[in-house]
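Thanks for passing this one along.

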Amino acid sequence: AKLGPLSFLGGRLRHFDVIDSPYSLFINSGGITAPLLQIEYDGPVFFYSSRWIELNRSSTMVTPAWTTGYPDRGANVKTYGIKLGEMRFGLQDAAVYSNKYFDLEYFLNPLPQYFIQYSKTTSGRPWYANTNENDMLGLFWDWNRPGDFSMNAQFLMDDFNVYWLGVGEHNPWKAALTFGGRLETKAGSFGFYA
């Protein structure tokens, strides 16, 4: 459903990342189907989306580690961006949580999910949630000139922390980068991605 610059999407659907790359970092580039809900605002300069994705629910698949089935899991991916002519710049924010497949606050609250996770999982607060939740952040850029070329880059980081200051636990830092583009010619489309 579309209401001006706002759109709403729901169902078991193929979904893709905000950048068009075979090596996208937040959402599988193969367009895997999943139950999802999405709220999106696409204005002339600013765009935002919040997408809930059901990862698994009521699983009966057992393994030595999960003798009663995999725990329920869900994810929420938010995208904040600006448009400057044919270019887009933005921030991506993904929260993954287990022992539940949907979290209304992650989906509806427009704050970056790091702050939602921090407020929900810090003990001693009246609304403390004792669940396993993780947040990943990233940046993206793309430049699309239809009929001529397209270029994009995406960066993801996870578990960056300040343990060396005596805060939190020592987790290994993780990061990923992808970039590439396509050139449209009379002979066809040529691309390079890494």
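This is a predicted model: local features need pLDDT of at least 70, side-chain atom pairs count only at pLDDT 80 or more; totals for chains, interfaces and linings use all residues.

Which residues make the nonpolar surface patch of about 780 Å²?

1. The patch. Leu3, Leu6, Phe8, Tyr41, Val45, Phe46, Ile82, Leu84 and Phe89 make this nonpolar surface patch. Two strands, β2 (6-14) and β5 (73-84), supply at least two of its residues each.

2. You will find Tyr41 in strand β3, which covers residues 33-42.

3. Lys2 and its distance to Tyr41. Lys2 sits in strand β1 (residues 2-3). With 65% relative accessibility, Lys2 counts as exposed. In sequence, Lys2 and Tyr41 are 39 residues apart, while their C-alpha atoms are 9.8 Å apart in space.

4. The overall fold. The protein chain has two helices and 10 strands, and their order along the sequence is β-β-β-β-β-β-α-α-β-β-β-β. Its C-alpha trace spans about 60 × 40 × 40 Å along the principal axes.

5. The protein chain has 194 residues, of which 36% count as buried. Among contacts with a separation of 6 or more, 50% come from residues 24 or more positions apart.

6. Surface and charge. Carbon and sulfur atoms account for 63% of the accessible surface of about 11600 Å². As for charge, there are 16 positive and 18 negative side chains, with the centres of the two sets 4 Å apart.

Note on methods
Residues are numbered from 1 along each chain as its sequence is written. Side-chain values use heavy atoms; hydrogens and water are left out. Patches are made of residues with over 30% relative accessible area and no salt bridge: like charges are joined within 9 Å, nonpolar side chains (Val, Leu, Ile, Met, Phe, Trp, Tyr) within 5 Å. Accessible areas come from the Shrake-Rupley method with a 1.4 Å probe; for residues, only the protein chains shown count as cover. A salt bridge is a side-chain nitrogen of Lys or Arg within 4 Å of a carboxyl oxygen of Asp or Glu. Helices (H or I, at least four residues) and strands (E, at least two) are DSSP runs, numbered from the N terminus. Buried means under 20% relative accessible area, exposed over 50%, partly exposed in between (1.4 Å probe, protein chains only). Contact means heavy atoms within 4.5 Å. Lys and Arg count as positive and Asp and Glu as negative; His and the chain ends are not counted. The place of a charge is taken as NZ of Lys, CZ of Arg, CG of Asp or CD of Glu.
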